[in-house]
Amino acid sequence: MQLLTILATYLATLFVTNSGPGEVRDAFYRAKIVPDVLPAFNPTLDLYIEFDKVAVYEPGPRLHVKDTDGCPTFVIHSSQATDMLSKYVVAMVDPDAYYPDNSSVSQVRHYLGANLTVGGIGSFWTSPIKNLTEPITNWMSPSPPDGSDPHRYVVLVYQQPWNFTLDDIKPYLNSSSERENFNLTSFASAVGLAEPVGGTYFLVGPDGSSDSRK
Ligand SMILES: *[C@@H]1O[C@H](CO)[C@@H](O)[C@H](O)[C@H]1NC(C)=O
Ligand SMILES: *[C@@H]1O[C@H](CO)[C@@H](O)[C@H](O)[C@H]1NC(C)=O
Ligand SMILES: *[C@@H]1O[C@H](CO)[C@@H](O)[C@H](O)[C@H]1NC(C)=O
Ligand SMILES: *[C@@H]1O[C@H](CO)[C@@H](O)[C@H](O)[C@H]1NC(C)=O
Ligand SMILES: *[C@@H]1O[C@H](CO)[C@@H](O)[C@H](O)[C@H]1NC(C)=O
Ligand SMILES: *[C@@H]1O[C@H](CO)[C@@H](O)[C@H](O)[C@H]1NC(C)=O
């Protein structure tokens with residue numbers, strides 16, 4: 001019985017790991033997340049997102065607004081044992097607000113969490129990362145305006161530097177910082193975050209309206 005459970009978990013892992021950092025990297029260039037959000041992208045691990053009803057195991061799926069409600073679970077997949085012991089910072093930004101063809105308020109910061117960790121060796125190297133402290137910016141669900149084309153929601157994971165404390169980052173980001181007009185690249189370089197080690201993205205358009213904006 002136990003063996004069957006382990007086998008089933010292992011097989012499930014094989015199914016969700018058919019993407020790989022190289023494919024995600026290519027997808028980011030194709031979707032122009034490089035250069036729109038990042039100057040370059042060289043992921044070393046896979047990042048998955050699990051909502052209550054849907055999951056993002058490969059980059060770029062089109063999701064419904066109603067399925068992206070509520071902070072998801074972030075999951076890393078890596079064959080490096082040290083990745084299971086690191087602390088991570090995870091950010092989600094929308095570079096397409098309010099509209100992909102007029103992104104004048106971008107980026108919008110939908111989520112910023114720190115102190116995310118596996119806290120031990122995960123099962124077959126695929127493990128949820130859990131937050132030990134409250135998010136810096138609470139999860140805000142996608143809600144593209146009526147008539148908008150789908151927006152790209154870009155989720156990135158960084159190794160957390162030793163000095164990424166609320167006090168240290170306060171000059172750059174604090175409770176009075178607005179979500180709009182955020183620049184993840186300049187924030188990252190100001191606070192000493194190195195390049196992201198993983199990422200993914202998904203698309204969300206307004207539910208129940210036509211796909212194109214007239
Ligand atoms: C783009 O959006 C901003 C604010 O949302 C608006 O002020 C501006 O006029 C828009 N520009 C164009 C070219 O539509
Ligand atoms: C982190 O913790 C808070 C509660 O302190 C919770 O509301 C939030 O959804 C958690 N999850 C993530 C991924 O930040
Ligand atoms: C991460 O956790 C440490 C220890 O609890 C805390 O001092 C620090 O402020 C946290 N960092 C953030 C950005 O929340
Ligand atoms: C809070 O962050 C903003 C940038 O979003 C910065 O301009 C401001 O000086 C910071 N406030 C404090 C008290 O550090
Ligand atoms: C963010 O800031 C970097 C420099 O720090 C700049 O090159 C880039 O164009 C900015 N991105 C946006 C979307 O404004
Ligand atoms: C953390 O330290 C690095 C140097 O090790 C520095 O570049 C960075 O600005 C510091 N971060 C903060 C938030 O002060």
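# Questions about a predicted model

Me: What makes up the shell around ligand 3, by class?
Reply: By class, that shell has four nonpolar, three polar and no charged residues. The model is predicted: local features need pLDDT of at least 70, side-chain atom pairs count only at pLDDT 80 or more, and totals for chains, interfaces and linings use all residues. Residues are numbered from 1 along each chain as its sequence is written, while chains are lettered from A and ligands numbered from 1 in the order in which they are written.

Me: How do you know which residues are nonpolar, charged or polar?
Reply: Ala, Val, Leu, Ile, Met, Phe, Trp, Tyr, Cys and Pro count as nonpolar; Asp, Glu, Lys and Arg count as charged; the others, Gly among them, are polar. The residues around ligand 3 are Ala 114, Asn 115, Thr 133, Ile 136, Phe 164, Thr 165 and Leu 166. A residue is near a molecule if its C-beta atom, placed from the backbone, lies within 6 Å of it.

Me: Why is Pro 21 called partly exposed?
Reply: Pro 21 has 19 other C-beta atoms within 10 Å. Buried needs 20 or more, exposed 12 or fewer, and partly exposed is in between, with C-beta atoms placed from the backbone. So Pro 21, with its 19, is partly exposed.

Me: Which residues is Pro 21 in contact with, leaving aside its neighbours within four places in sequence?
Reply: Pro 43, Thr 44, Leu 45, Asp 46 and Gly 198. Contact means C-beta atoms, placed from the backbone, within 7 Å. The C-alpha atoms of Pro 21 and Leu 45 are separated by 5.8 Å, though the two are 24 residues apart along the chain.

Me: What makes Pro 21 part of a helix?
Reply: Pro 21 lies in helix α2, residues 21-30. Helices are DSSP runs (H or I, at least four residues), strands likewise (E, at least two), numbered from the N terminus.

Me: Which strands form the open sheet, and in what order?
Reply: Nine strands, in the order β2-β1-β4-β7-β6-β5-β8-β9-β3, with mixed pairing. Two strands pair if DSSP finds at least two bridges between them.

Me: Why do β2 and β3 stand at the edges?
Reply: β2 (55-56) and β3 (62-63) each have a single partner strand, so one side of each is left without a neighbour in the sheet.

Me: How do you know that β5 and β6 pair?
Reply: Seven bridges join β5 to β6, which run antiparallel. The definition asks for at least two, so these strands pair. The bridge partner of Asp 94 in β6 is Val 108.

Note on methods:
Two residues are in contact if their C-beta atoms, placed from the backbone, lie within 7 Å.
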